[in-house]
Amino acid sequence: MFDLRGLSIAYDSEPVLRDISLRIRPGEKVVIIGPSGAGKSTLLKKLYELRQKDSSFIHQDYALVAQLSVFHNVCIGRLDFNGTLYNLLNLVRPKKEERLRIQPILEALGIGDKSFAPVHSLSGGQQQRVAVARALYRNSPVLLGDEPVSSIDPHQANTVLQIIKERAATVVLSLHDVGLALELFDRIVGLRAGRIAFDLPSAEVSEPMLGDLFTPC
């Protein structure tokens, strides 16, 4: 799916990613961890740029339309799959086939009763689950997520990540909760100061490695 070789990115001459080499094969479930400012978001955005047509992206700030309902925000995930007239009719009067596709996703994520609630009326954790639902509804070969459960309590976050793993073929996420990353995912990429510090099976990631990764530069 991805084969980065020696990638470097700088903004205003300030290096953000340095000599990144990373290969991700179809079907892999990968988590990127590291301290704030390590370059995780930049790396995920680059991956999305490379495979935009084949990817869904869960934004850290959710990227929802606050005035629209949960249902319509999820529908946005597949606007480009349908014609303009279809999308307009679905906006005015939600189509049964769309409701039947979307409702099971919302139910699985614990927000089935919020389908036609305006997004601005939801809590932060509920809004984040709407963003997850939109990405799952798109059903792309690759799902990328920038801290997709940061506003969700740990128990519910575990459930949401399990759903992402089950429903998306290839997954690449950044997570701030290292415990969840090690518990649920088989491959961990540690990023520090724009460089890959390690790329290992989760069982091989040790406490000293994590200590080094998160020690202030």
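A residue is called buried when its relative accessible area is under 20%, exposed when over 50% and partly exposed in between, using a 1.4 Å probe and protein chains only. By that rule, 4 of the 5 residues of strand β3 are buried, so β3 is largely enclosed by the rest of the structure. This is a predicted model, in which local features need pLDDT of at least 70 and side-chain atom pairs count only at pLDDT 80 or more, while totals for chains, interfaces and linings use all residues. Residues are numbered from 1 along each chain as its sequence is written, and side-chain values use heavy atoms, without hydrogens and water. Helices (H or I, at least four residues) and strands (E, at least two) are DSSP runs numbered from the N terminus.

**The sheet**

- An open sheet of 6 strands has the order β4-β5-β6-β3-β7-β8, with mixed pairing; two strands pair if DSSP finds at least two bridges between them.
- Strands β4 and β8 (195-201) are the edges, each pairing on one side only.
- From one strand to the next, the twist averages 15°.

**Strand β3 and its neighbours**

- Strand β3 (residues 29-33) runs parallel to strand β6 (residues 170-174), and 4 bridges join the two.
- In this pairing Val30 stands opposite Val172 of β6, and Ile32 stands opposite Ser174 of β6.
- Strand β3 is also joined to β7 by 4 bridges, again in parallel, with Ile33 opposite Gly190 in β7.

**Strand β4**

- Strand β4 (residues 55-58) is covered on both faces: Ser55 and Phe57 are buried on one side, Ser56 and Ile58 on the other.
- Strand β5 (residues 142-146) runs parallel to β4 and is joined to it by 4 bridges; Ser56 stands opposite Leu143 in β5.

**Helices**

- Helix α1 (residues 40-50) lies across β3, β4, β5, β6 and β7 (187-192), at about 155° to β5.
- Axes are lines fitted to C-alpha atoms, for helices over the stretch in contact, and angles run from 0 to 180 degrees between N-to-C directions.
- Helix α4 (residues 96-108) packs on helix α5 (residues 124-138) at an angle of about 130°, with the axes 10 Å apart.
- The contact (heavy atoms within 4.5 Å) involves Glu98, Arg101, Ile102, Ile105 and Leu106 of α4 and Ala133, Leu136 and Tyr137 of α5.
- The residues of this contact of α4 with α5 comprise 6 nonpolar, no polar and 2 charged; Ala, Val, Leu, Ile, Met, Phe, Trp, Tyr, Cys and Pro count as nonpolar, Asp, Glu, Lys and Arg as charged, and the others, Gly among them, as polar.
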